Amino acid sequence: KMTLGMIKNVIGTVKGELMFYNGDGIEVINENTCGHYCKDRKGRIYARMYDCGLDRIDPATLRVEHVVGKDRLVNALISDRRGNVWAAIDGEIRCFGADKRSDRSFRIAGYDGRPADMLCEVEGDIWAVMGYDCCIISSDRRSTRFAVPGFRPLAICYDPVSHCVLLGGND
């Protein structure tokens with residue numbers, strides 16, 4: 001997750017809209033309400049829309065590209081340490097690589113039409129939490145799936161000091 005201060009030339013937001021100063025005046029990037037922002041290695045900004053879809057914004061040109069259509073729900077969005085952006089989309093985990101060769105998609109069996117609730121990077125692997133299940137997508141593109149019986153995670157966090165993944169839930 002990045003703060004708005006990390007985006008070059010961003011001067012603020014109004015009702016979720018990114019506002020850039022382009023040298024002549026203020027430009028509003030998107031008229032939709034944005035739910036979450038991530039930045040890739042090339043400096044492009046990915047904006048998750050509240051009403052579905054995902055936009056990629058080039059801050060240098062202010063060009064907006066719809067990379068996931070409005071007919072698809074993007075439930076979670078993160079950027080990894082390699083500068084790729086990962087999105088949980090309707091039973092699919094998609095990686096938007098900083099270069100096109102890094103783009104890839106993973107289908108999660110049994111979760112067609114339902115996105116992961118949360119994503120987290122853990123030492124180069126991506127953890128996707130879906131209901132009671134957790135799927136680990138390793139950097140070599142293999143996946144492992146597990147569940148803790150009787151426990152539904154509602155939060156996930158990685159602590160790099162202790163090398164522990166923390167899953168939180170209700171009592």
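What is the relative accessible area of Cys 164? Cys 164 has a relative accessible area of 34%, which places it among the partly exposed residues. In this note, buried means under 20% relative accessible area, exposed over 50%, and partly exposed in between, with a 1.4 Å probe and protein chains only.

1. Basis. This is a predicted model, in which local features need pLDDT of at least 70 and side-chain atom pairs count only at pLDDT 80 or more, while totals for chains, interfaces and linings use all residues. Residues are numbered from 1 along each chain as its sequence is written, and side-chain values use heavy atoms, with hydrogens and water left out.

2. Cysteines. A disulfide is taken as a pair of cysteine sulfur atoms within 2.5 Å, and a search of the whole structure finds 0 of them. For Cys 157, the closest cysteine sulfur belongs to Cys 120 and lies 6.4 Å away, which is too far for a bond. Cys 157 is partly exposed, at a relative accessible area of 41%.

3. Strands are DSSP runs (E, at least two residues), as helices are (H or I, at least four residues), and both are numbered from the N terminus. Strand β16 covers residues 155-159. Its covered face consists of Ile 156 and Tyr 158, and its uncovered face of Ala 155, Cys 157 and Asp 159. Two strands count as paired if DSSP finds at least two bridges between them; β16 and strand β17 (residues 164-168) run antiparallel and are joined by 5 bridges. Ala 155 faces Gly 168 of β17 across this pairing. The hairpin leaves 4 residues between the two strands, and His 163 has a positive phi near 60° there.

4. Strands β5, β6 and β7. Of the 5 residues of strand β6 (residues 54-58), 4 are buried. Strand β5 (residues 45-49) pairs with β6 in the antiparallel sense over 4 bridges, and strand β7 (residues 63-68) pairs with β6, also antiparallel, over 5 bridges. Leu 54 has an opposite residue in each pairing: Arg 48 stands opposite Leu 54, and Leu 54 stands opposite Val 68 in β7. In the hairpin of β6 and β7, 4 residues separate the strands, and Leu 62 takes a positive phi near 65°.

5. Arg 63. This residue belongs to strand β7. Its relative accessibility is 52%, so Arg 63 counts as exposed. Arg 44 is 19 residues from Arg 63 along the chain, and their C-alpha atoms are separated by 9.9 Å.

6. Sheet β8-β9-β10-β11. These 4 strands form an open sheet in the order given, with antiparallel pairing. β8 (74-79) and β11 are the edge strands, each pairing on one side only. Neighbouring strands are turned by 15° against each other on average, direction ignored; axes are lines fitted to C-alpha atoms (for helices over the stretch in contact), and angles run from 0 to 180 degrees between N-to-C directions. Strand β10 (residues 92-96) pairs with β11 over 4 antiparallel bridges, and Glu 92 is placed opposite Arg 107 in β11.

7. Sheet β12-β13-β14-β15. This is an open sheet of 4 strands in that order, with antiparallel pairing. Its edge strands, each pairing on one side only, are β12 (118-122) and β15 (143-147). From one strand to the next, the twist averages 20°. β13 and strand β14 (residues 133-137) share 5 bridges in the antiparallel sense, with Asp 133 in β14 as the bridge partner of Met 130.

8. Cavity. A cavity is a set of points, on a 1 Å grid over the protein atoms alone, where a 1.4 Å probe fits but cannot get out, and its lining residues have an atom within 4 Å of a point. Grid points are joined across faces, edges and corners, and the volume is the space filled by probe spheres set on the points. The structure has 1 cavity of 30 Å³ or more, and the volume of the largest cavity is about 40 Å³.

9. Lining. Among the residues lining the largest cavity are Arg 82, Trp 86, Arg 104, Phe 106, Asp 125 and Ile 126. β11 (104-107) and β13 (125-130) each supply at least two residues of this lining. By class, the lining holds 4 nonpolar, 3 polar and 3 charged residues. Here Ala, Val, Leu, Ile, Met, Phe, Trp, Tyr, Cys and Pro count as nonpolar, Asp, Glu, Lys and Arg as charged, and the others, Gly among them, as polar.

Conventions
On a 1 Å grid over the protein atoms alone, a cavity is a set of points where a 1.4 Å probe fits but cannot get out, and a pocket is an open set with protein on both sides within 12 Å along at least five of seven lines; lining residues have an atom within 4 Å of a point.
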